[in-house]
Amino acid sequence: DGLTLVSVGAGVFKVRRLANPTRPSKMCCEITCTTIDADPTTAGDRYEVLWPVEGSRVATLEWGTANAKSITVKFPYTTNKTGVYGVFFTNSAASRFYCTTINATSTSEQWHTVTIPGDITGTWLYANGTVGLYMNLTLATAATGTTETWGTSVVRSSTAQTNFMSSTANIAYLGEIQLVEGTVAGDSMPQSYAEALRDC
């Protein structure tokens with residue numbers, strides 16, 4: 001469903017699409033750790049679920065200009081490996097980073113909402129067929145640092161990041177992702193089949 005998986009390090013995780021356990025009429029991604037990485041602090045280690053957004057879909061945000069607009073992202077993420085998870089945003093060149101965090105619990109279908117200020121610098125692509133923006137959910141990483149600010153350093157989470165890769169018993173569920181312009185998320189409105197086919 002447009003997601004990309006990144007696994008760099010000793011660990012392995014898998015993702016499969018299935019009916020949402022709490023809302024069978026909806027689909028979700030089930031994420032499971034299959035090979036542990038007990039200490040993912042080696043430089044370069046990272047485990048992520050990545051969502052690329054086409055440039056034409058985010059062109060109105062005007063990132064890279066003085067008129068850059070904020071975005072709000074809303075999504076359900078629930079896991080038995082509770083704690084802090086990084087959510088970071090970057091451009092296609094991976095030269096601009098903004099990282100924030102969520103606190104995930106095992107509560108049935110826990111929803112998270114994060115608001116990101118628009119980036120007034122950097123190069124952002126807005127053409128069809130190019131990636132205009134990457135949103136990433138960090139499962140484990142060595143690249144931690146200062147959050148809640150735009151910068152050029154690679155920051156995938158805070159130093160409080162939870163290690164989802166610590167046990168093969170770890171499981172998580174990621175539902176539909178909503179990204180809207182502004183500071184308020186609305187009700188989730190999944191794309192219709194016709195809309196998805198048109199985009200393809």
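Analyst: Let's start with Gly-145, which is partly exposed because its relative accessible area is 28%; buried means under 20%, exposed over 50%, and partly exposed is in between, with a 1.4 Å probe and protein chains only. Before we go on, this is a predicted model, where local features need pLDDT of at least 70, side-chain atom pairs count only at pLDDT 80 or more, and totals for chains, interfaces and linings use all residues. Residues are numbered from 1 along each chain as its sequence is written, and side-chain values use heavy atoms, with hydrogens and water left out.

User: Where is Gly-145 found, and what does Gly-145 touch?

Analyst: Gly-145 is in the loop between strand 9 and strand 10. Strands here are DSSP runs of E, at least two residues, and helices are runs of H or I, at least four, numbered from the N terminus. Leaving out residues up to four places away in sequence, Gly-145 touches Val-155, Ser-157 and Ser-158, where contact means heavy atoms within 4.5 Å. Gly-145 and Cys-99 are 46 residues apart in sequence, with their C-alpha atoms 8.9 Å apart in space.

User: How do you know whether Val-53 is buried or exposed?

Analyst: Val-53 has 7% relative accessibility, so it counts as buried. This residue sits in strand 4. The C-alpha atom of Val-53 is 5.2 Å from that of Leu-133, although the two are 80 residues apart along the chain. Beyond neighbours within four places, Val-53 is in contact with Val-58, Thr-130, Val-131, Gly-132 and Leu-133.

User: And Glu-109, does that count as buried or exposed?

Analyst: Its relative accessibility is 18%, so Glu-109 counts as buried. You'll find Glu-109 in the loop between strand 7 and strand 8. Apart from neighbours within four places, its contacts are Asn-20, Thr-22, Arg-23, Pro-76 and Thr-78.

User: What makes a set of residues a nonpolar core, and which members touch the most others in the largest one?

Analyst: A nonpolar core is a set of buried Ala, Val, Leu, Ile, Met, Phe, Trp, Tyr and Cys residues joined through side-chain atoms within 4.5 Å. The largest one here has 34 residues, and Ile-31, Tyr-77, Phe-89, Leu-139 and Phe-164 touch the most other members. Strand 9 gives the largest share of this core, 5 residues. Among the contacts of Tyr-77, beyond four places in sequence, are Ile-31, Leu-139 and Phe-164.

User: Why is the pair of Tyr-98 and Trp-150 called tilted?

Analyst: The ring centres of Tyr-98 and Trp-150 are 5.4 Å apart and the planes are at 55°, so the pair is tilted. Tyr-98 is in strand 7 and Trp-150 in the loop between strand 9 and strand 10, 52 residues apart. Tyr-98 is buried, as is Trp-150. Together, Trp-63, Tyr-98, Trp-124 and Trp-150 form one aromatic cluster.

User: How many residues of the lining of the largest cavity are nonpolar, polar and charged?

Analyst: The lining divides into 9 nonpolar, no polar and no charged residues. Ala, Val, Leu, Ile, Met, Phe, Trp, Tyr, Cys and Pro count as nonpolar, Asp, Glu, Lys and Arg as charged, and the others, Gly among them, as polar. Leu-3, Trp-51 and Met-135 are among the lining residues. A cavity is a set of points on a 1 Å grid over the protein atoms alone where a 1.4 Å probe fits but cannot get out, and lining residues have an atom within 4 Å of a point.

User: What is noted about the phi of Ala-94?

Analyst: Ala-94 has a positive phi of about 55° although it is not a glycine. Most residues other than glycine have a negative phi. Ala-94 lies in the loop between strand 6 and strand 7, and its relative accessible area is 41%, so it is partly exposed.

Terms used. 1 Å grid on protein atoms, 1.4 Å probe; cavity = no way out; pocket = protein on both sides within 12 Å on 5 of 7 lines; lining within 4 Å. Phe/Tyr/Trp six-rings, centres within 6.5 Å; stacked < 30°, edge-to-face > 60°.
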